[in-house]
Amino acid sequence: MATTFPDLFDRFSSAILPLGCSDSSHLRFQAVARYASARAGDAPFRGNGRDQIIFVAAGSTKLVAHASQGREQVVAFHFAGDLVLVPARAAHSYSLCALEDCELIYFPAEEFFKLARHESGMTEEVLDRSMRALARCREKTISLGRKTAQERLASFLVTMAERIGVEQNGNVCELDLPMSRRDIADSLGLTIETVSRQLRELRDAGLVETSGRSRVRLRNLPELNLCAGHLTPAA
């Protein structure tokens with residue numbers, strides 16, 4: 001992982017700032033940007049009085065919502081190159097936790113959006129990322145509300161294949177999942193035992209292979225999509 005702020009900011013600039021961004025605009029973003037690192041298990045950001053925009057320069061994170069009586073919900077997972085909004089505390093509080101060692105660039109959201117409004121092309125980039133995140137939220141809402149445990153896990157694996165999978169020949173995809181089984185269970189509204197049982201059933205069906213704690217091989221993505229309860233594309 002990069003160890004200097006300029007290196008990490010260059011990653012943010014390459015991923016988020018539009019091509020042809022002027023030197024002055026680049027410097028304005030850099031002036032309000034801050035750097036944070038986090039070890040696996042740390043929670044470097046907790047929702048307080050201000051919304052925060054975080055760019056994951058390296059590593060991966062989970063966004064956790066906290067309700068009363070110590071209840072928690074894993075809202076989303078984020079990976080290198082992602083832009084994350086950590087909301088200020090309202091009806092619930094939120095924290096961004098490192099799944100593995102992370103390097104992060106962050107901004108006060110109000111200042112970030114103020115600068116973005118004056119940068120041609122950046123609004124489109126932020127909107128595109130927001131629409132993709134919204135699509136994932138819709139899929140998760142359907143999973144939590146209407147799908148079986150196996151469909152939820154299959155949907156999760158298909159989504160991870162799209163985001164961090166390494167495609168191999170044909171319909172095979174390799175995943176190296178940084179989150180624990182507990183994280184997956186908390187995200188899907190299941191128990192760890194249920195996640196393990198459903199993973200075993202998918203393995204017995206020949207749809208997945210597992211190796212160690214984190215390595216998963218998806219052997220047949222079209223069949224896994226059907227197992228997830230997804231509709232086949234219209235003819």
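How are α3 and α4 oriented to each other? They are oblique, a class for angles that are not under 35 degrees (roughly parallel), over 145 (roughly antiparallel) or 65 to 115 (roughly perpendicular).

Before the details, the ground rules. This is a predicted model, where local features need pLDDT of at least 70, side-chain atom pairs count only at pLDDT 80 or more, and totals for chains, interfaces and linings use all residues. Residues are numbered from 1 along each chain as its sequence is written, and side-chain values use heavy atoms, with hydrogens and water left out.

Back to the helices. α3 spans residues 109–117 and α4 residues 122–146; they pack at about 130°, axes 8 Å apart. Phe112, Phe113, Ala116 and Arg117 of α3 meet Met122, Thr123 and Val126 of α4, contact being heavy atoms within 4.5 Å.

Next, the hairpin. Strands β11 (208–211) and β12 (215–218) pair antiparallel over 4 bridges; pairing requires at least two DSSP bridges. There are 3 residues between the strands, and glycine 212 in the turn has a positive phi of about 70°.

Last, aspartate 82, in the loop between β5 (72–79) and β6 (83–86). Aspartate 82 is buried, at 18% relative accessible area (buried is under 20%, exposed over 50%, partly exposed in between, with a 1.4 Å probe and protein chains only). Its side chain has a polar atom 2.8 Å from the backbone nitrogen of phenylalanine 79. The side chain of aspartate 82 also makes a polar contact of 2.7 Å with that of arginine 163; the term means N or O atoms within 3.5 Å, one able to donate a hydrogen and the other to accept it within protein, and residues adjacent in sequence counting only if both atoms are side-chain atoms.

Terms used: Axes are lines fitted to C-alpha atoms, for helices over the stretch in contact, and angles run from 0 to 180 degrees between N-to-C directions. Helices (H or I, at least four residues) and strands (E, at least two) are DSSP runs, numbered from the N terminus.
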